[in-house]
Amino acid sequence: MSGCTEEITFAKTKETTRIAIIGAGVSGIATATRLLEQGFKNITLFESEDRIGGRINTIPFANNVIDLGAQWCHGEQGNVVFEKVKDLDVLDRSNDYGFHFVRSNKEILSDDQAKAIKKFLLEYEITPDCEGSVGDDLSQSYWKEVDQQLVANEKTIAKEALDCMKKHLCSEEACDHLYELSPRNFSNFDASDGDQNLSWRQKGYWKFLSLLLNASEDHPGDQGLLKGHVHLNKRITEINWAGDGELTLRTWNGQIVSVDHVICTVSLGVLRAKYQKLFVPALPAAKVRSIEGLRLGTVNKFILEFEEQPMPEHMRSFACLWLEADLKELRGGKYFWLEGIVGFHRVASQPLLMEGWIIGAHARYMETLREKNVLEGLQWFFRKFLTFSVPHPKHFLRTQWHSNPNFRGSYSFYPTYADELRTGRTDLGSPLMNVSGRPRIQFAGEATSRNHFATVHGATETGWREADRLNEFYKGRAEN
């Protein structure tokens, strides 16, 4: 009976149904452009920022552009980003030469020591049926392997190297520390084969967005196919999905919008901060568990431009090993946040730049500092670690992804807390439907990707997934 009632009361078609997409990041853009391609007409994107792109943010800087957010195409086979651009000659392959490990007494590890560290990192795989955290598993695997190779005086460097590796993995997985990281972050992720760090030669990650949008590659922010569909600076403060009919959205300035479908693509950080007030009535318990259980971590960048590249010719990047005494002293001083730095490297297609990475709680603290204080700390850091001098940069930028209320972080990970709650990404990505199977609120974004989370290709796939879900619903109605 309820199905019959639904057929009578809901007479919308692809041409007349009203779809609201919350967020104009890559998943929102992927959703909207796919829906237009499938014949839907009435699509509106509400974006809180003054630009489209979300955690893809390509800006002019120095001799080219830089990406403040997503930067590399991770893998080739099965990667929808790579598939879109593979014949356009816009990506450069990564290289592994010139990578150094530097101690806080300026000592550079030998080539053999560096190779051993990189080999362990590349070959490390989570132990099958691992219980506990990645931190536990990594430490046990490391000491089991390393203890057999060390002489006594190398034990100190081995411990420093382990701490360095942990920090590197945290930067890849976006966790504060590996002891909060669930093994599912590895076992559930399906890495695309091929080069894991393909860099954009000229147009940055905007190149990919411009292809989705059919927009100008020379003008980041051009809305292309979505012109007239996007409302910038429009933060949604309430999604009322009471009853079984239309949904009502309220914007930050009191505007009321009625729609038939909502596709929510905001970051997990925004969901966690806002879901209790954003959704009326409250979300189902399974959805709440997934929002509370998963995490959006913090990874930030430092970008420095110089008159001349300060790194020696033979050096492309360096990672940092803290001596125990130096670390103890650092933690007691004003530059304690420097402990969160992973390392620095040159930037492809930008010969005058150095780029650095900082993670976790220290990254969040760094965001609260004035820019000149951050730069002051970095200069101290360079003097501490490097045998060559790094002058005051010509230009300097640092990202602040956590403190931006429209993101609240960088990318998502599985914490062990999600294991305790027995929740995950399937629950996060499941739509809220009515009794006859009509999607009312759908969820997309990298955090909802089951196997490609924390990536642009994963975020893109989820947008297409939700567009296809809606298309299948209307296709089924047309056939009936």
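1. Basis of the values. The model is predicted, so that local features need pLDDT of at least 70 and side-chain atom pairs count only at pLDDT 80 or more, whereas totals for chains, interfaces and linings use all residues. Residues are numbered from 1 along each chain as its sequence is written, and side-chain values use heavy atoms, with hydrogens and water left out.

2. Salt bridges overall. A search of the whole structure gives 29 salt bridges, each defined as a side-chain nitrogen of Lys or Arg within 4 Å of a carboxyl oxygen of Asp or Glu. Lys12, Arg18, Glu246 and Asp260 are linked by such bridges into a network.

3. Aspartate 468 and arginine 34. These two side chains meet in a salt bridge with an N to O distance of 3.0 Å. Because aspartate 468 belongs to helix H16 (residues 456-479) and arginine 34 to helix H2 (residues 26-37), the pair ties together parts that are 434 residues apart in sequence; helices here are DSSP runs of H or I with at least four residues, strands are runs of E with at least two, and both are numbered from the N terminus. Aspartate 468 is partly exposed, at a relative accessible area of 29%, where buried means under 20%, exposed over 50% and partly exposed in between (1.4 Å probe, protein chains only).

4. Arginine 184 and aspartate 419. The closest N and O atoms of this salt bridge are 2.8 Å apart. Arginine 184 lies in helix H7 (residues 184-187) and aspartate 419 in helix H14 (residues 416-421), so the pair ties together parts that are 235 residues apart in sequence. Arginine 184 is partly exposed with a relative accessible area of 23%, and aspartate 419 is partly exposed with 29%.

5. Aspartate 326 and lysine 384. In this salt bridge the closest N and O atoms are 3.3 Å apart, and the pair links helix H11 (residues 324-331) with helix H13 (residues 371-385), the two residues being 58 residues apart. Aspartate 326 counts as buried at 15% relative accessibility, while lysine 384, at 22%, counts as partly exposed.

6. Arginine 346. This residue of strand E18 (residues 341-347) is buried yet has no salt bridge, the nearest side chain of opposite charge being that of glutamate 313 at 4.9 Å; Lys and Arg count as positive and Asp and Glu as negative, with His and the chain ends not counted. The side chain of arginine 346 does reach two backbone oxygens, that of methionine 311 at 3.1 Å and that of methionine 315 at 2.8 Å. Leaving aside neighbours within four places in sequence, the residues in contact with arginine 346 (heavy atoms within 4.5 Å) include Gln309, Pro312, Arg316 and Leu353.

7. Strand E19 and its partners. Eight of the 10 residues of strand E19 (residues 350-359) are buried. E19 runs antiparallel to E18, joined by six bridges, and pairs in the antiparallel sense with strand E16 (residues 299-305) over seven bridges; pairing requires that DSSP finds at least two bridges between the strands. Arginine 346 stands opposite methionine 354 in E19, and isoleucine 303 stands opposite glutamate 355. The hairpin of E18 and E19 has two residues between the strands, and in it serine 349 takes a positive phi near 65°.

8. A three-stranded sheet. An open, antiparallel sheet has the strand order E5-E8-E6. Strands E5 (72-73) and E6 (91-92) stand at the edges with a single partner strand each, so one side of each is left without a neighbour in the sheet. E6 pairs with strand E8 (residues 198-200) over two bridges, and aspartate 92 stands opposite serine 199 in E8.

Conventions
A polar contact is a pair of N or O atoms within 3.5 Å; within protein, one must be able to donate a hydrogen and the other to accept it, and residues adjacent in sequence count only if both atoms are side-chain atoms.
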